[in-house]
Amino acid sequence: MIKMSEQNDMSPDKFSNVGSMFNINPIDILMYLLSKWYWFVLSIALFGGYAWYQYAKTPYYYSRSATVMIKGASRQMRSNGLDRFQTTSYTNVSNEILQLKSYKLMRDVVTRLNANIDYVVMDGLREKELYTQAPIQVSFVDDNRLPTRLTITPINQTVVHLSDFEKGTGQTLKTNLGDTIQTPAGQLVVTSTLYHTDEWYGKPISIRKNSLDAAASHFLGNLSVTQTDNDAAVLYTALRDFSTVRAEDVLNTLITIYNEETIKDKNQIAINTENFINERLVKITKELDDVETQIETFKLENDMIDVGSAASMSMSQKQQFTSQAKELEMQKRMSGFIKDYLTDPTKATELIPSNTGIDMNIESQIAAYNLNKLKRDKLIEGSSDKNPVVQELNKSLNAMRQNIIRAVDNTIVSLDTKLNEAEAMRGQAAYRVSNIPKQQRQMLNIDRQHRIKEELYLYLLNKREENALAQATTETDARVLDPAGGSDTPVSPNGRAIIMGGVMKGAALPLVILLALLFFDTRIRNRKDIEDATSVPFLGEIPKDTNKKTQKVDGKKQDIVVRVQGRDIVSEAFRIVRTNMDFMRVKSKNLQVVTFSSFGPGAGKTYVSTNLAASFAQTQKKVILIDLDIRKGTLSSKTKRDNTKGMTSYLSGQADINEIIQKDGVCENLDFIAAGPTAPNPSELLLSERLEELIAELRTRYDYIFIDNVPVGIIADAAITNRVADLTIFVVRVGKLDRRMLPELEKIYRSKQLNNMSLILNGSVSNKVGYGGYGYGYGYGYGYEKEGKKGWTSMFKKS
């Protein structure tokens with residue numbers, strides 16, 4: 001029941017951890033937390049209630065999804081030798097995902113759907129987005145793109161009230177549906193929708209116009225575009241929004257605008273290609289005209305239609321002029337021969353050769369000459385040359401011969417001229433023949449350019465038609481496999497998760513606080529803290545009596561709570577301490593003088609000494625209680641004793657022993673000695689021999705002498721009076737003493753500063769579950785209940 005370790009039984013192993021503060025058992029922590037269950041209940045109720053409130057006021061989020069297949073998708077761009085004007089290409093899936101999540105695309109969606117205008121009504125604590133299901137529609141005439149708010153309340157079929165303007169002064173306006181009205185939010189028109197019924201009359205609808213940027217950012221933040229598989233060209237798009245209809249519209253419109261942008265991009269490529277082809281056609285046409293003009297000029301300059309024909313003609317002319325020159329040369333030589341013959345004197349009487357091929361006129365003259373020559377010769381044969389006829393013929397022949405000679409000379413001159421001309425023409429023809437290869441090369445070069453330009457021209461015309469056909473048959477990159485849709489069950493907020501989170505936070509907060517208080521609270525909490533840190537004998541623990549019933553003597557309250565037949569837990573605790581004191585006789589056979597001390601005021605040593613003395617007196621033992629705290633007289637003041645004579649009076653020699661002893665009106669066998677008047681020299685009085693004399697005398701009169709001493713370490717009185725003590729009871733108060741003082745307490749015990757030192761723990765808490773787990777006196781309280789109030793109210797008393 002009590003730790004009775006001898007002072008010399010202090011091995012180093014046993015007390016190696018005496019200086020440590022304490023060791024915590026997990027079961028002890030659990031029991032400690034269970035004892036604070038009401039804090040957990042309160043915290044869980046508060047946090048759980050707040051979590052429910054947050055859940056109840058958070059708008060529902062719905063999810064809508066659509067599946068899109070990207071046509072011609074490829075993980076990487078590939079080149080496969082397409083010609084330079086090919087407009088089709090592979091589509092990179094990652095790029096398409098980024099395009100679907102682009103800010104510009106979402107801004108266009110918001111603009112087309114007017115999704116930046118919210119129509120909100122209250123559904124309980126949470127807001128509900130109506131979108132196109134609102135009974136009214138607001139059109140802002142002044143599209144200043146600035147956010148604004150107002151409230152519209154339908155009054156009847158044609159009239160609405162406008163109020164709560166964000167930029168207004170609290171004014172309320174009334175307008176007819178379809179009319180344009182000037183408001184603090186700008187000019188706007190309110191029109192009715194198919195949902196405008198009498199059930200909306202009097203219900204305010206909050207209109208919130210957000211900026212396009214804010215609305216686009218909101219939708220992009222709730223949009224996810226993922227690839228269903230690494231190698232698949234199928235994209236899964238999902239959007240979370242307050243309205244299922246708006247989520248579907250945004251997704252469908254997003255895909256539509258994406259396709260429109262794709263077609264626009266492709267058509268833009270085709271348009272750019274067409275412009276390029278047209279520009280090239282203009283340039284090629286001009287170049288082709290230049291080449292054709294060059295061909296025309298070349299033919300005109302070279303007087304030809306075709307190089308081959310010109311070559312043949314030039315060669316023929318060369319041959320012709322060569323033959324003509326030869327003919328003329330022959331005629332010239334024949335004419336020379338004839339002239340030589342005519343001018344030869346030896347040939348004067350001979351006939352002139354004919355049929356020489358010279359000029360026909362000369363030939364006729366020669367023929368006439370030869371005819372006359374033959375006629376003369378025949379006349380000469382019949383007559384003489386004296387014949388007048390012969391002489392006349394001779395004259396005629398001479399004249400004719402001279403004419404022939406002149407005609408030959410003229411022919412020779414004429415032939416020379418013709419020969420020169422023929423030679424000149426033959427030379428020109430030969431020159432043209434020699435220039436034909438050069439002209440042919442030039443013509444081939446020009447013709448080659450012409451063919452290239454013409455082929456390119458025809459190719460561009462063909463590509464222009466192909467481009468126009470491709471532009472007319474352009475298709476989108478995305479094909480919708482599953483249009484936007486989904487469940488009408490909201491995906492958030494998750495009520496169970498939010499409330500469970502609140503409950504967990506509610507449980508965690510007191511857990512953290514209580515554990516922090518437990519680990520950072522260095523005060524003594526229970527008997528286990530003392531036993532783990534010291535080897536001082538432990539007499540017992542006195543529970544805290546929250547229902548203390550003091551007894552009165554002469555109408556004055558006394559601080560004595562133990563009773564003779566008391567079955568309360570406090571009385572039983574003092575009885576256990578009284579029993580345990582007998583075990584202290586191992587070190588001191590005589591235990592008459594018992595002193596009480598502590599580390600400071602407030603430990604309850606006066607309360608303990610008073611009630612322990614009363615407990616001994618109730619066993620028919622003669623007991624005297626001495627207030628030796630002569631400086632303050634705490635015991636005397638609390639017990640309301642006569643303090644005119646006491647210990648100071650006796651120690652100073654102003655009174656004898658019988659004069660200072662007072663009888664107690666509560667306990668029959670309990671006497672009392674007060675502290676007496678305040679003395680100027682308390683230490684000197686306590687050092688006097690009269691203290692030993694007093695104690696010696698009281699030993700003969702009483703079975704037990706209980707001395708309420710001063711705290712240790714504050715003043716020297718406790719050490720001075722220790723010489724008369726047989727047993728020193730050191731009182732430790734729960735929640736008062738710091739555990740860091742326990743090593744000092746162990747030091748006092750080992751150094752024997754106090755005679756036969758032992759401990760009492762005062763103020764223990766009577767919890768059946770809690771940290772420590774020992775109970776009082778190892779279970780002495782079993783079967784006993786506190787006298788007084790019982791029931792549920794006791795559960796909420798602080799331990």
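Which residues make a nonpolar surface patch of about 460 Å²? Select Tyr50, Trp52, Tyr53 and Leu125 and you have the patch. Its members each have over 30% relative accessible area and no salt bridge, with nonpolar side chains (Val, Leu, Ile, Met, Phe, Trp, Tyr) joined within 5 Å; a salt bridge would be a side-chain nitrogen of Lys or Arg within 4 Å of a carboxyl oxygen of Asp or Glu. Areas follow the Shrake-Rupley method with a 1.4 Å probe, and only the protein chains shown count as cover.

A word on the model: it is predicted, with local features needing pLDDT of at least 70 and side-chain atom pairs 80 or more, while totals for chains, interfaces and linings use all residues. Numbering starts from 1 along each chain as its sequence is written, and side-chain values use heavy atoms, without hydrogens or water.

Now click on Tyr50, in helix α2 (residues 37-57). Tyr50 counts as exposed because its relative accessibility is 52%, and the cut-off is over 50%.

Next, show the open, mixed sheet of eight strands, ordered β16-β25-β24-β19-β23-β20-β22-β21. β16 (538-543) and β21 (661-663) are the edges; each has a single partner, so one side of each lacks a neighbour in the sheet. Strands are DSSP E runs of at least two residues, helices H or I runs of at least four, and pairing takes at least two bridges.

Zoom in on β19 (residues 593-597) and β24 (residues 727-733), parallel over four bridges. Here Phe596 stands opposite Ile729 in β24.

Finally, select helix α18 (residues 690-701), which lies across β19, β20, β21, β22 and β23, with contact meaning heavy atoms within 4.5 Å.

Conventions: Patch = residues over 30% accessible without salt bridge, like charges linked within 9 Å, V, L, I, M, F, W, Y side chains within 5 Å. Buried < 20%, exposed > 50% of the residue type's maximum accessible area, 1.4 Å probe, protein only. Axes fitted to C-alpha atoms, helices over the stretch in contact; angles between N-to-C directions.
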